[in-house]
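These are my notebook entries on one structure, written down in the order in which I looked things up.

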Amino acid sequence: MGTLSKKATCNTHGQDSSYFLGWEEYEKNPYDEFKNPDGIIQMGLAENQLSFDLIESWLAKNPEAANFEREGQSIFRELALFQDYHGLPSFKNAMADFMSENRGNRVCFDPRKLVLTAGATSANETLMFCLADPGDAFLLPTPYYPGFDRDLKWRTGVEIVPIQCTSANGFRITKSALEEAYKQALKLNLKVKGVLITNPSNPLGTTITRTELNRLLDFVSRKNLHLISDEIYSGTVFTSPSFISVMEVLKEKKLENSDVSKRVHIVYSLSKDLGLPGFRVGVIYSNDIVVSAATKMSSFGLISSQTQYLLSALLSDKNFTKNYLKENQTRLKNRHNKLVSGLEDVGIECLRSNAGLFCWVDMRHLLSSNTFEAEIELWKKIVYEVKLNVSPGSSCHCNEPGWFRVCFANMSEETLNVALNRLKMFIDGPSSTTRSQSEHQRLKSLRKMRVSNWVFRLSFQDREPEER
């Protein structure tokens, strides 16, 4: 492999994480209700498939947007030709308005401070390139999204130093944890450039409190650091407490045009709230200097003009966006409650959460010992025997063995029922074998009964989105 670069051959991508390895196992043997009912169910994918019908209904009622027409005339050629990397003004205006609406219009976003990127992954990496040099560090509260090891570090050379949060206080960010992480970075001879948070948290499914946000702003102000708030789950908050953006806290403290506000940056995308990760739509919201630099970099990851045109029409329909956000949150709440109650039935508790597409599940009592080796041993059983792909807490850099992230919004309710039943049989042990065989026969009979309805749905192209 001497012909390849060091970047291409290094192992800092994080692909060997159990988070990604679980995906690989799922892809080898994916569950399908009809074609492969004994396959692995994907519960490691934070994807929102609960409200596709709302968007599909809007598309059916607004064919001009989907057909790239304006006032009955095709604009395909206009969209197909070269577009400036600043993006379509109509889309940036619509996105800024939607971000404001998503936060109850308690804050307003200026479209001139938006940079369009190919998803939140691109947005976070672009901010790393803008704010830090190779070898500099960002502090991240644990547990954090496993993909950050790839997104923030791999190509930029930036390091991550964990802010160690614990279950003792629900994994809240404390002043002492912030100071300890900063000291640890200095011990490692790393220059700390900022703090990155996800709000609501992935993987915890919790919103960050006003107290924590004030604590973070005070910390970055004293240390002269940047603060990146990844708010891609802001529209998924389905119960109290409500979502508080860092922009709201800046406004409340009358710091909107202060020096510290120039070091606060927002990341957002439509991947989670609208369930459109395949559209690759993300944004950076920042100050003029960062916007200028990030816009130049955005030419390496643009959003297609066709996507911008379609979504500008959808997001500009205020009646639709208002109803969508409300209904989507209701569906997320119902699905979340179903998973939590199903887990409680088999003696498994979850961290109390109010947002996101997943639960932070406590399986510490199922470990053979209080070690990460025991956690991986349990994880392997869940993947290979129970055939559920979940993400172990160690992949999220949790410092307590036995926690798992379990996603619930990327599957049908029937599939979730199958997953919960499998887990129940695993917890119950060998005594459940007879029940397992009986349940298998029941599900087999049910599939036969439903196959005619399934074929009918296929004929009208109204089948539920397939899992990825």
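How many nonpolar, polar and charged residues are there, by class, in the lining of the largest cavity? I counted the lining by class and found eleven nonpolar, six polar and two charged residues. I note here at the start that I am reading a predicted model, and I keep that in mind for every entry below.

**Entry 1: the largest cavity**

I looked up how many cavities of 30 Å³ or more the structure holds, and there are two. The largest of them has a volume of about 170 Å³, and 19 residues line it. I then asked which of the lining residues lie nearest the centre of this cavity, and they are Pro141, Thr198, Ser201, Leu204 and Ile208. Two strands, β5 (137–141) and β7 (192–198), each supply at least two residues of the lining, and β7 gives the most, with three residues.

**Entry 2: two cis peptide bonds**

I went on to the loops that follow in my list and checked their peptide bonds. Thr142 and Pro143 are joined by a cis peptide bond, with omega at about -5°, and I found Pro143 in the loop between β5 and α8 (148–151). A cis peptide bond also joins Asn199 and Pro200, where omega is about 0°, and Pro200 sits in the loop between β7 and α10 (210–223).

**Entry 3**

Of the elements, α16 gives the most, with three residues. By class, I recorded eleven nonpolar residues in the lining, with no polar and no charged ones.

**Entry 4: α15 against α16**

The axes of helix α15 (residues 372–386) and helix α16 (residues 413–428) come within 11 Å and cross at roughly 120°, which makes α15 oblique to α16. The crossing of these two helices is right-handed. On the α15 side, the residues that meet α16 are Leu378, Lys381, Glu385 and Val386, and on the α16 side they are Arg422, Leu423 and Phe426. By class, this contact has four nonpolar, no polar and three charged residues.

**Entry 5: α6 against α14**

At what angle do α6 and α14 pack? I found that helix α6 (residues 89–102) packs against α14 at about 40°, with the axes 11 Å apart, and that α6 passes α14 in a right-handed crossing. Asp97, Phe98, Glu101 and Asn102 of α6 make the contact with Lys318, Thr321, Lys322 and Leu325 of α14. By class, I noted two nonpolar, two polar and four charged residues in this contact.

**Entry 6: a positive phi**

Last, I looked up a backbone angle: Lys254 has a positive phi of about 55°, although it is not a glycine. I located Lys254 in the loop between α11 (246–252) and β9 (264–269).

How values were computed. Residues numbered from 1 in each chain as written. Predicted model: local features only at pLDDT ≥ 70, side-chain atom pairs only at ≥ 80, totals over all residues. Heavy atoms only, no water. Axes fitted to C-alpha atoms, helices over the stretch in contact; angles between N-to-C directions. Helix = DSSP H or I, 4+ residues; strand = E, 2+ residues; numbered from the N terminus. Parallel < 35°, antiparallel > 145°, perpendicular 65-115°, else oblique. Left-handed = near helix turned anticlockwise from the far one by under 90°. Contact = heavy atoms within 4.5 Å. Nonpolar A, V, L, I, M, F, W, Y, C, P; charged D, E, K, R; others polar. 1 Å grid on protein atoms, 1.4 Å probe; cavity = no way out; pocket = protein on both sides within 12 Å on 5 of 7 lines; lining within 4 Å. Points joined across faces, edges and corners; volume = space filled by probe spheres on them.
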